[in-house]
Amino acid sequence: MRFLKPLGFVLALCLAGVAHAQAPIVIKFSHVVAPDTPKGRAADYFKKLAEEKTKGRVKVEVYPNSQLYKDKEELEALQLGSVQMLAPSLAKFGPLGVKEFEVFDVPYIFPNKQVLQAVQDGPIGQGLFKKLESKGITGLGYWDNGFKIISANKPLLVPADVKGQKLRIQSSKVLDAQMRALGAIPQVMAFSEVYQALQTGVVDGTENPPSNMYTQKMHEVQKYATDTYHGYLGYAVIVNKKFWDDLPADVRKELEAAMKESTRYANAIAQQDNDAALAAIEKSGKTQVTHLTDAQRKVWRTALLPVQKDVESRVGADLIKAINAEAANLGAK
């Protein structure tokens, strides 16, 4: 009897050890937009693929709509290990000290999606990811959310119409320069606070891809929008570097494959979702959308061209030059 008690104790310890060994690796994936946006859907798709490919060894918990952290909090939370994965907009890395990422905010620097894709997938995009490593961050992929429209409670048909308007922007010196070039008054604000600010008149308008505007119901508190497509909004899917490096190699390999598939998915649905959102905004009858001709859009492009020179010292003249060269190589004007 004395022999059976210690044997039972040892067996219980062994079983506890097996249970512990089989406990899934948890990845908390936090983001600030709605689940039915391109980013939200891609995050859910990554969860599905990651759990399938690792056969349950990894559990991905997705927290949308700033449930865990707001814009300004999430990067610090990632660095501290409070969450493992984020998909912040590219403008978020400027305040972190990697100012070069703000090149994605330069108005009209990407004439089309082909140029954008070439920049992100090539040496320029991968070189930018390398700059995050010293911050304890590993970049995994670029997710698209399309080009931005501009909205307010007055028609914005030409650049001069923006003068004096208080427009919400993300925290980006380039976006600040962009708005000031138009004569607007930039207002930095967390994404989760924008609807109320528009509703109460704290700000007059904003810039967003249609999918963000529609899913956050901003069209219900904005009378006018114009499809300037002046700027780009994309995301970088990032992880805590130590967490990523410490993963078993086979698990990391499967997660990389899941991310690659999720990135293709995210980029495929972005344009589709934005087209559908813009149509839904128009159908609502609450926001009047102006569709610019090529000639009208050229007026906006000309007005914003000086921003490239204005922000050279911030994001790097060579980087701007390299992107313009990529555009020229691909035949963009």
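How much space lies in the largest cavity of this structure? The model is a predicted one, and in it about 130 Å³ of space lies in the largest cavity.

**Cavities**

**Pockets**

- The largest pocket has a volume of about 500 Å³, and of the 28 residues that line it, Tyr-108, Phe-110, Pro-111, Asn-112 and Arg-301 lie nearest its centre.
- Strand E4 (137-147), helix H10 (249-284), helix H11 (294-304) and helix H14 each supply at least two residues of the lining of the largest pocket, and H10 gives the most, with 4 residues.
- Sorted by class, the lining of the largest pocket has 16 nonpolar, 8 polar and 4 charged residues.
- About 410 Å³ of space lies in the second largest pocket, which is lined by 18 residues, with Gln-126, Phe-129, Leu-140, Gly-141 and Tyr-142 the closest to its centre.
- Two or more residues of the lining of the second largest pocket come from each of H4, H5, E4 and H10, and the largest share, 6 residues, comes from H10.
- The lining of the second largest pocket divides into 5 nonpolar, 7 polar and 6 charged residues.

**Helix H14**

- Helix H14 (residues 317-329) has 13 residues and reaches 18 Å from its first C-alpha to its last, close to the 18 Å expected at 1.5 Å a residue.
- Leu-319, Ile-320, Ile-323 and Ala-327 are buried in H14, and, seen down the helix axis, the buried residues of H14 fall within an arc of 100 degrees, so they line one face of the helix.
- The exposed residues Asp-318, Lys-321, Ala-328 and Asn-329 are carried on the face of H14 turned away from its buried side, while the cover over its buried residues includes helix H4 (113-121), helix H5 (123-130), helix H12 (306-310) and helix H13 (312-315).
- After H14 comes Gly-331, whose phi is positive, near 80 degrees.

**Helix H2**

- Helix H2 (residues 38-53) has 16 residues and spans 22 Å from its first C-alpha to its last, close to the 22 Å expected at 1.5 Å a residue.
- The buried residues of H2 are Pro-38, Lys-39, Gly-40, Ala-42, Ala-43, Phe-46, Leu-49 and Ala-50, and the helix is followed by Lys-55, whose phi is positive, near 55 degrees.

**Tyr-63 in strand E2**

- Tyr-63 is found in strand E2 (residues 58-63), and its C-alpha atom is separated by 8.3 Å from that of Val-32, a residue 31 places away along the chain.
- Leaving aside neighbours within four places in sequence, Tyr-63 is in contact with Lys-28, Phe-29, Ser-30, His-31 and Leu-68.

Notes. Residues are numbered from 1 along each chain as its sequence is written. This is a predicted model: local features need pLDDT of at least 70, side-chain atom pairs count only at pLDDT 80 or more; totals for chains, interfaces and linings use all residues. Side-chain values use heavy atoms; hydrogens and water are left out. On a 1 Å grid over the protein atoms alone, a cavity is a set of points where a 1.4 Å probe fits but cannot get out, and a pocket is an open set with protein on both sides within 12 Å along at least five of seven lines; lining residues have an atom within 4 Å of a point. Grid points are joined across faces, edges and corners, and a volume is the space filled by probe spheres set on the points. The expected span of a helix is 1.5 Å times one less than its number of residues. Buried means under 20% relative accessible area, exposed over 50%, partly exposed in between (1.4 Å probe, protein chains only). The arc is that of the directions from the helix axis to the C-beta atoms. Contact means heavy atoms within 4.5 Å. Ala, Val, Leu, Ile, Met, Phe, Trp, Tyr, Cys and Pro count as nonpolar, Asp, Glu, Lys and Arg as charged, and the others, Gly among them, as polar.
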